[in-house]
Structures are given as structure tokens and as C-alpha cells.
Amino acid sequence: TVTVRDLTITNGQTTSLGGGIYVGTAAVLTNVRVAGNSAGTNNFGGGIEADFHSSLTLVDSTVSGNTAGGSGGIDMFMAKASLTNSTVSGNHATGATTDGCAFGGTFYSCAGGIWNYHGTLALTNSIVSANTAAYRGGGMRNDATLDGAGNPTDGITILSGSTKISSNTAGDQGGGIWANVAKGIFAADGTATYPDP
């Protein structure tokens, strides 16, 4: 596990995954600012990429002003992520021609802030705001799998404490949250808010 404290990571650029940070195994960020990074038009995780089965923890941290074809702020590919007292804001999923999200054979841009793709995401006392996606999921996109009884086996997002999903926008659907199934999103204690359409 890599631990990063009291640092700003900015102006990172790649044509691959993770403009600012690529997490292959595990990372803990405390009081870290990930800002102004880019993963390129046809890739994911402008700020942070948490790749296959990795673990990402943010505490008192900010992911802002990052861009990518999909997942402008944070991309989770079958990964686990936990954000506490952290902010994901002003990130952008700007455009995709070969990646991003596909519907009817055409590629679009999804998840301005965070994309939880069949992983587990926990947001506690955190903010997801002012993110944009050219197509779906301005604040967040969530992809879950349901078992035979209709319960999610992955793609679970838990919102708790004072967490707020607000002022995000998308060109098509899910200004705040776009989810392939509603059962993937949980407000743990009834205090979290996500007022975006």
C-alpha cells in the first residue's frame, strides 16, 4: 500500500489510465489534492484510476478540475474506494470516440466525477459537486450486477453522514447519479442528500 500525505498532484497527462494517479494495488491519500490532470479523450480516470481489484482510500482530500473521456475525476474498475471528508468537484468527462460508455454502437462520455464499475464505493461526509459529463452521470455513474433474488452482488455505492451529490450536470441522463439499476445506491443513514435529477 502506498500512502501519500500533504501533497498536491497536478498537471499530469497520459494517453492511458489515470492522469494524476494510477492505483494498481492499494493507495491511501490523506490531505492530498489531485487537480488539473488529464487521462486523454479515450481513457478513464482523469484524476485517479483505481484499476482491477485495487483499493483506494481518500481522507480529507480533493479531486478537482481533472478531465478524461470517461470518469473525469475517479475511475473504479471492479475496485474498492472509500472517501471520508473529501470532495470530488469540477471534473469533466469530455468526449470519447472509442471508449467511455457505449449505447447502440455509439460511444459517449460518462461519469464526470466518479464511475463505480462493478466495485464498492463508500462516501462519508463527502461532496460530489459541479462535475459534468457530456452524456450520462454528471456526478457519478454506478454499474451493478444483481443476483437471482434481485440483490446487488457488486457495484454498490453507500452514501452516509453529510455526503452531498449536488450541482452536477449531464448532457443526457443522470445529472447527479446515473445507475444501471437503482438497487446499487444506498443512503446508509438517511442524512445523505442527492437532489440532482
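# Working through the fold, step by step

Ala130 has a relative accessible area of 38%, which makes this residue partly exposed (buried is under 20% relative accessible area, exposed is over 50%, and partly exposed lies in between, with a 1.4 Å probe and protein chains only). Keep in mind that this is a predicted model, where local features need pLDDT of at least 70, side-chain atom pairs count only at pLDDT 80 or more, and totals for chains, interfaces and linings use all residues. Residues are numbered from 1 along each chain as its sequence is written, and side-chain values use heavy atoms, leaving out hydrogens and water.

## Exercise 1: follow the parallel strands

Task: Work out which strands flank strand 14, and pick out a facing residue pair on each side.

Solution. Quick reminder: strands of a sheet pair through backbone hydrogen bonds, either parallel or antiparallel. Here, two strands pair if DSSP finds at least two bridges between them.

Step one: strand 8 (residues 74-77) runs parallel to strand 14 (residues 114-117), and four bridges join them. On this side, Phe77 faces Tyr117 of strand 14.

Step two: strand 14 also runs parallel to strand 18 (residues 140-143), again with four bridges. There, Trp115 stands opposite Arg141.

## Exercise 2: the salt bridges

Task: Count the salt bridges and say how accessible the partners are.

Solution. A salt bridge is a side-chain nitrogen of Lys or Arg within 4 Å of a carboxyl oxygen of Asp or Glu. The structure has two of them.

One joins Asp172 and Arg136, at 2.9 Å from N to O. This pair links distant parts of the chain, 36 residues apart: Asp172 is in the loop between strand 23 (169-170) and strand 24 (177-179), and Arg136 is in the loop between strand 17 (132-133) and strand 18. Asp172 is partly exposed because its relative accessible area is 37%, while Arg136 is buried at 11%.

The other joins Arg141 and Asp143, at 2.7 Å from N to O. Both Arg141 and Asp143 are buried.

## Exercise 3: the disulfide

Task: Identify the cysteines in the disulfide and decide whether the bond is right-handed or left-handed.

Solution. The cut-off is a pair of cysteine sulfur atoms within 2.5 Å. The count comes to one disulfide, joining Cys101 to Cys110 with 1.9 Å from S to S. The torsion about the S-S bond is about 75°, so this disulfide is right-handed. Both Cys101 and Cys110 are buried.

## Exercise 4: two serines

Task: List what Ser61 and Ser89 touch beyond their sequence neighbours.

Solution. Contact means heavy atoms within 4.5 Å. Ser61 is in the loop between strand 5 and strand 6 (62-64) and is buried because its relative accessibility is 1%. Outside four places in sequence, its contacts include Leu29, Asn31 and Thr87.

Ser89 belongs to strand 10, residues 87-89, and is buried at 18%. Leaving out residues up to four places away, Ser89 touches Val63, Ser64, Gly65, Ser129 and Asn131.

Terms used. Helices (H or I, at least four residues) and strands (E, at least two) are DSSP runs, numbered from the N terminus.
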